[in-house]
Amino acid sequence: MRSAACEIAVFPGDGTGPEVVREGLKVLAALAEGGPAPWRATEYPGGAQYFLARGREWEPEAEAAARSADAILLGAVGWPGAILPNGDIAGRALVLGLREGLDLYANVRPCRLYPGVTHRISGGYRTVWEPKNVDLVIVRENTEDLYTPARGRLRRGGTTEVAIDTRVLTLKGTERVVRFAYELARVRPRGAPEDGVRRVTCIDKSNVLEGCRFFRETFDRIGAEYPEIERDYAYVDAFTQWLIRSPEHYNVAVAPNMMGDIVTDLAAVLQGGMGFASGGNIGAEHAMFEPVHGSSPKHAGKNEINPVATFLAIEQMLRWLGDRRADPGLGRQADRLDRAVAATLAAGTARGYDQGGSATTSEIGDRVAAAVRAEPR
Ligand code: IPM
Ligand code: MN
């Protein structure tokens, strides 16, 4: 018996978001050819540009669709000058709002380097890291820490005298994200490239911060339940060097929200740039997947942005849906998409501006869709 098609709520959002989502839907359609589609994708408007036009970030129906969908695919939100009355960026509802509202507590950022991808370092396009040495996942806590909505300003006589962001780490929030990281290390196909060891690295600043000491203690306590997984530690400042110097040492790493936000963008350099960086925002009941490059206004409307991060976000989504629904067919489609992306990148025929080439967003989408068709179902 076939299970019902998955409902995917799609939010193209702002700037380059709709351009990469268009290619993502093209690739999803190619995956579904030749059989009954195992998913149904429905697009909803919303975001910062929508706010500028309508005075609200999205419609109640769109929010309801996000809540009831099996998974959410987000393009990007944010647009210059689009600010909510309270000073927040417009489009916040679709990212931070859904992370909080749907309790998407783990932000999962795979960092893998595909053969054929170069690194843009100091102006040039070159091979720096070996693909076999870059295969890690950073799990970032996604609902608390400095992102806790406990912030404000003290204004006296029209002058802001104090601005405060409160850093909150809870037992629940820490335990569940740390456990997520150990579980991921347990089920990933491989350990660290360096030595094959299943390893979770705790990224923190526990030599100074109380919240980080708590994070590390919790990491150790939960880790005792996973004796087969090596526990590893890095102060966040040192981690920034070690990650770039020896990416092969890392398998899974876990970090509090703000530090995780920073180190995941750094990690994107290892995989060829933000054009290859996807993220899953995962909760117990809901999940949202996105390319993490953002709306990139300076590239918007030019059909030049790299859509591969969106394909990798879709791959993450299909894998998560397959696990959740115990449907190996979805996992096979994720594998197929991965092979298609890898083959396209290895062939070097779809290099966009970010790789020193001239392929457009839609050409890269066409090539990957063609590669999907060439891969056995
Ligand atoms: C990310 C982004 C977001 C964050 C922004 C868009 C609010 O940088 O997903 O990493 O800070 O988490
Ligand atoms: Mn970020």
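**Strands, burial and overall form of a predicted model**

Glycine 152 has isoleucine 164 of β9 opposite it. This is a predicted model, in which local features need pLDDT of at least 70, side-chain atom pairs count only at pLDDT 80 or more, and totals for chains, interfaces and linings use all residues. Residues are numbered from 1 along each chain as its sequence is written, and side-chain values use heavy atoms, without hydrogens and water.

User: What makes β8 and β9 a pair?
Analyst: Two strands pair if DSSP finds at least two bridges between them. Strand β8 (residues 151-156) and strand β9 (residues 159-165) have six bridges in the antiparallel sense, so they pair by that definition. Their hairpin has two residues between the strands, and glycine 157 takes a positive phi near 55° there.

User: How many helices and strands are there, and what counts as one?
Analyst: The protein chain has eleven helices and 14 strands. Helices (H or I, at least four residues) and strands (E, at least two) are DSSP runs, numbered from the N terminus.

User: Why is strand β10 called largely enclosed?
Analyst: Buried means under 20% relative accessible area, exposed over 50%, and partly exposed in between (1.4 Å probe, protein chains only). Six of the six residues of β10 (residues 199-204) are buried, so the rest of the structure largely encloses this strand. Arg199, Thr201 and Ile203 point one way, Val200, Cys202 and Asp204 the other, and all are buried. In a regular strand the side chains alternate between the two faces of the sheet.

User: In which sense do β10 and β11 pair?
Analyst: β10 and strand β11 (residues 230-235) pair in the parallel sense over six bridges. Arginine 199 has glutamate 230 of β11 as its bridge partner.

User: How do you know whether the radius of gyration agrees with a compact globule?
Analyst: The radius is taken over C-alpha atoms, and the globule rule is 2.2 Å times the number of residues to the power 0.38. For 377 residues a compact globule would be near 21 Å; the protein chain has 20 Å, so the value agrees. Of these 377 residues, 54% count as buried.

User: What share of the contacts joins residues at least 24 apart?
Analyst: Contact means heavy atoms within 4.5 Å. Among contacts in the protein chain between residues at least 6 apart in sequence, that share is 75%.

Note on methods: Chains lettered and ligands numbered in written order.
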